[in-house]
Amino acid sequence: MASAGLGKIGLPSMRFHVLGLGPIGSLLAHNLRRSIPRTHEIVLIHKTEEQARRLALSRSKLSVECKGVVTSSSNFLSEVFEGPELASSPGNTVEPDANSIHSLFITAKAQHTLPAVQRLGPRISPTSTIVLLQNGMGMYEELVKHVFPNPSTRPHFIVTTNSHGAYGTNDRVVHAGVGSLEFGILPDIYGRDFEASLLPNGTGQLSINNITKPGDPEYERYQHLRSTVAALLLLEDLNASWKPITQLQLGLRRKLVVNSVINPLTALMRCRNGDILNAPTFDSVSEAVCQEASNVFAAQIHCEVGEYGDEAGIQRLPSMLWSASLQQEVRRVAALTGSNKSSMLCDLEKGRSCEIDYINGYLMRLGSTYNVPTPVNSILCNLVKMRQSLPLDVF
């Protein structure tokens, strides 16, 4: 639970940028615009001039269909992410002096995140907030290493786990699977406790006043973070909720493992999610991936808590990250989304690069870091890359 004073966002003029306007990014932008006051700007960052032109022809309107009901949102600003300078594009509707980024929602593919943020970097300050709403893991670590290595100039980060399903048609986004959007704030480099209102046993209510409030000497540094959290909590149609960061990271890890099984197998077999459950060798492959992931997470947690020895690691590994629990979650999600195509399969069918390096590849990198073998994840990763490099129909 979180208390936010949801009727108000803490700034008289907040500017939210959305980078990545696929189905999930459009769904997010639509719900933001319908939830927050019009005094706060929402800027859509388009990849090309053509994308911006298509939105302009629709009078800057996004339409979303959910359970047969179509709703629309408008009053968006636009930027175009091509050419040497964003401001030089005729597709831009943002004022020239509105260059700074208060809050950046990233729903772009994981592999496109680093180059995009490198380009936007000069517009991002220590008072900015970046929200990562993507498949896979490892994007935060890349951004810290390559764009924000200095902690004193680093923006605030919010990480999320999303279970909504959506796909695009010619004129709208179809919100096909209503799920939830959970988020958490990564720890503050200056030690501010964003979860101070929680009791030691984890109960209690999160409050945006723990982030900052008027009268705080450091209000300017944290005001955009507070406003971003308040905006997220207004997204009732997306079932958004603020979670303690340890709980959120647990969910991220479980989702990563689910994707590490379902995505590469459906991409390689060119089948829908539920079809893999009928394959005779599915359980053995799933068990191997889940066991490798569980071993990697145990080693990582060992290192984080400064303890060594197998018994200590098993004791400290949450039961939700045990191999058997992960296997059950893989089966549950594959059955629940049985008629869906995975995002990785869709990418391969459209000839686009996929996120394998941030799914199975992330587990491989963790395994290398903590000296834990991950041979099955490595094979799946290499097979997907081979499949990606070949034509889908070779005969």
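Predicted model: local features only at pLDDT ≥ 70, side-chain atom pairs only at ≥ 80, totals over all residues.
Analyst: Buried means under 20% relative accessible area, exposed means over 50%, and partly exposed lies in between, with a 1.4 Å probe and protein chains only.

User: What share of the residues of the protein is buried?

Analyst: The protein contains 12 helices and 14 strands, which are DSSP runs numbered from the N terminus (helices H or I, at least four residues; strands E, at least two). Among its 395 residues, the buried share is 51%.

User: Among contacts with a separation of 6 or more, what percentage joins residues 24 or more positions apart?

Analyst: A contact means heavy atoms within 4.5 Å. Of the contacts with a separation of 6 or more, the part from residues 24 or more positions apart is 73%.

User: How many residues of helix α5 are buried?

Analyst: Helix α5 covers residues 219–233 and spans 20 Å from its first C-alpha to its last, close to the 21 Å expected at 1.5 Å a residue. That expected span is 1.5 Å times one less than the number of residues. The helix is mostly covered, and of its 15 residues the buried number is 14.

User: What kind of aromatic pair do Y140 and F157 form?

Analyst: Rings of Phe, Tyr and Trp (its six-membered ring) pair if their centres lie within 6.5 Å, with planes under 30 degrees apart stacked, over 60 edge-to-face and the rest tilted. By this rule there are five aromatic pairs. The rings of Y140 and F157 have centres 4.9 Å apart and planes at 80°, so this pair is edge-to-face.

User: How far apart in sequence are the parts that the pair of Y140 and F157 ties together?

Analyst: Y140 lies in helix α4 (residues 139–146) and F157 in strand β9 (residues 156–162), so the pair ties together parts that are apart in sequence by 17 residues.
Y140 and F157 also belong to one aromatic cluster, whose other member is F148. The separation of the parts joined by the pair is 17 residues.

User: Which residue forms an aromatic pair with F194?

Analyst: The pair is edge-to-face, 6.1 Å centre to centre with 70° between the planes, and joins F194 to Y222. F194 lies in the loop between β12 (181–185) and β13 (206–207) and its partner in helix α5, so the pair ties together parts that are 28 residues apart in sequence.

User: Which residue has its charged end over the ring of Y222?

Analyst: A charge sits over a ring if NZ of Lys or CZ of Arg is within 6 Å of the ring centre and within 35 degrees of the ring normal. For Y222, the charged end is 5.8 Å from the ring centre and belongs to R221.

Definitions and conventions: Residues numbered from 1 in each chain as written. Heavy atoms only, no water.
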